[in-house]
Amino acid sequence: MNNNLKNIIKMNNSWFKGHGLGNDYIVFDSAASDINFDKQNIIKICDRHFGIGSDGILLKVKSKKADFGLKIFNPDGSEAEKSGNGLRIFADYLFSWYTSNKSFTVEVGNQIVRCEIISSDDNITNVLVDIGRAIFDAKKVPVICADKEAIDIPINIANDIYKFSMVSIGNPHAVCVTDDINNIDIKKIGPEIENHNLFPNRINVQIAQVSDIHNVDIRIWERGAGYTLASGSSSCAVASVLYKKGLIDNNVKIHSPGGCLEVLLDEKFNLKLLGPVEKVACGVLICDKVNKKM
């Protein structure tokens, strides 16, 4: 790692930015920052015109249960339970500046996940994340549904019916399987599904088309972020639903506009996510632009 980058990242209110297939996050260390990460500041920092610009913020925090702790914020200021790409970017950040271990645990939301550095150079790092188990229990997703599992639930959007299957990967997802992915405008229906009254905590939305048992194309609308080029948790959600339907094998490549991620799962729907992270930039935030901690 370049010594200049090492020096910058040690400065107060420093930040690192990385992306996973175009899904970008800014990372801060809470112990080396006097920024108040409230809704107003998060929105300002994530703004692509007036701030640094990103799909969210990753905040390194202390953990008593894992090697490192993580909080994830969406660009609208809300907190996310989990992000597959966010975890991989965070793992690259940790390996670059905080640990020489290639395997370590991260506490995020109410879960402990293991991250493993598969390969790394100064620019690109391949990270394997043990995401955890997919949950189809409708109450735990959560989704308002009379059935125990919300599979192929019809939702009416502007007089068109779309069938969605819901799953939690630590955060909630709604997956629609189609024969023609270009026939559904994710930017149009995404916000309608995200904020539908079936979902008390809102929901992430994916459209999926199976090419063969090892390859799937997806489009993504992220809760609190909008249209996204790639998403690790979305890739895992799609793989889980398609595997449950018997449409794919347990090792599948998920192709999004940003690139390809690999998802591995077993019969109990335990998930692993593999893919690249690329370093973008690091710097120091001018703190008179944001509110500071009291």
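Asp-29 sits in strand β2, which covers residues 23-29; helices (H or I, at least four residues) and strands (E, at least two) are DSSP runs, numbered from the N terminus. The model is a predicted one, with local features needing pLDDT of at least 70, side-chain atom pairs counting only at pLDDT 80 or more, and totals for chains, interfaces and linings using all residues. Residues are numbered from 1 along each chain as its sequence is written, and side-chain values use heavy atoms, with hydrogens and water left out.

Asp-29 counts as buried because its relative accessibility is 10%. Here buried means under 20% relative accessible area, exposed means over 50%, and partly exposed is in between (1.4 Å probe, protein chains only). The Asp-29 side chain reaches the backbone nitrogen of Ala-31 at 3.0 Å. Setting aside neighbours within four places in sequence, Asp-29 is in contact with Leu-59, Lys-60, Tyr-93 and Tyr-98, where contact means heavy atoms within 4.5 Å.

Leu-59 also turns up in the strand pairing, standing opposite Lys-71 in β4. Two strands pair if DSSP finds at least two bridges between them. Strand β3 (residues 57-61) and β4 run antiparallel and are joined by 5 bridges; the two form a hairpin with 6 residues between them. The hairpin of β4 and β5 has 5 residues between the strands, and Gly-77 in it takes a positive phi near 95 degrees. As for β4 itself (residues 68-73), 5 of its 6 residues are buried, so the strand is largely enclosed by the rest of the structure.

Leu-21 has a positive phi, near 60 degrees, in a residue other than glycine. Leu-21 belongs to the loop between β1 (14-20) and β2, and is buried, with a relative accessible area of 13%. Asn-159 is not a glycine either, yet has a positive phi of about 70 degrees. Asn-159 is in the loop between β9 and β10 (160-168) and counts as exposed at 70% relative accessibility. Elsewhere, Val-141 and Pro-142 are joined by a cis peptide bond, with omega about -5 degrees. Pro-142 is found in the loop between β8 (124-133) and β9 (153-157).

Next comes the packing. A nonpolar core is a set of buried Ala, Val, Leu, Ile, Met, Phe, Trp, Tyr and Cys residues joined through side-chain atoms within 4.5 Å. The largest one has 54 residues, of which Phe-90, Val-106 and Val-216 touch the most other members. Helix α3 (residues 84-97) supplies the largest share of this core, 8 residues. A second, separate core of 23 residues includes Ile-155, Ile-157, Ile-186 and Leu-198.

Side chains of opposite charge can pair when their charged atoms come close. A search of the whole structure turns up 11 salt bridges, a salt bridge being a side-chain nitrogen of Lys or Arg within 4 Å of a carboxyl oxygen of Asp or Glu. One of them brings together Glu-81 and Arg-223 (2.4 Å, N to O). This pair links distant parts of the chain, 142 residues apart: Glu-81 is in the loop between β5 and α3, and Arg-223 is in the loop between β13 (215-222) and β14 (226-228). Glu-81 is partly exposed at 29%, while Arg-223 is buried at 6%.

Lys-279 and Asp-92 also meet in a salt bridge (2.9 Å, N to O). Lys-279 lies in strand β17 (residues 270-284) and Asp-92 in helix α3, so the pair ties together parts that are 187 residues apart in sequence. Lys-279 is buried, with a relative accessible area of 11%, and Asp-92 is buried too, with 0%.

In another salt bridge, Asp-152 pairs with Lys-245, their closest N and O atoms being 2.8 Å apart. Asp-152 is in the loop between β8 and β9 and Lys-245 in the loop between α5 (232-244) and β15 (251-256), 93 residues apart. Asp-152 is partly exposed at 33% relative accessibility, and Lys-245 is partly exposed at 30%. Finally, salt bridges that share partners join Lys-17, Asp-24, Arg-48 and Asp-55 into one network.

Definitions and conventions: Polar contact = N/O pair within 3.5 Å; in protein donor to acceptor, adjacent residues only side chain to side chain.
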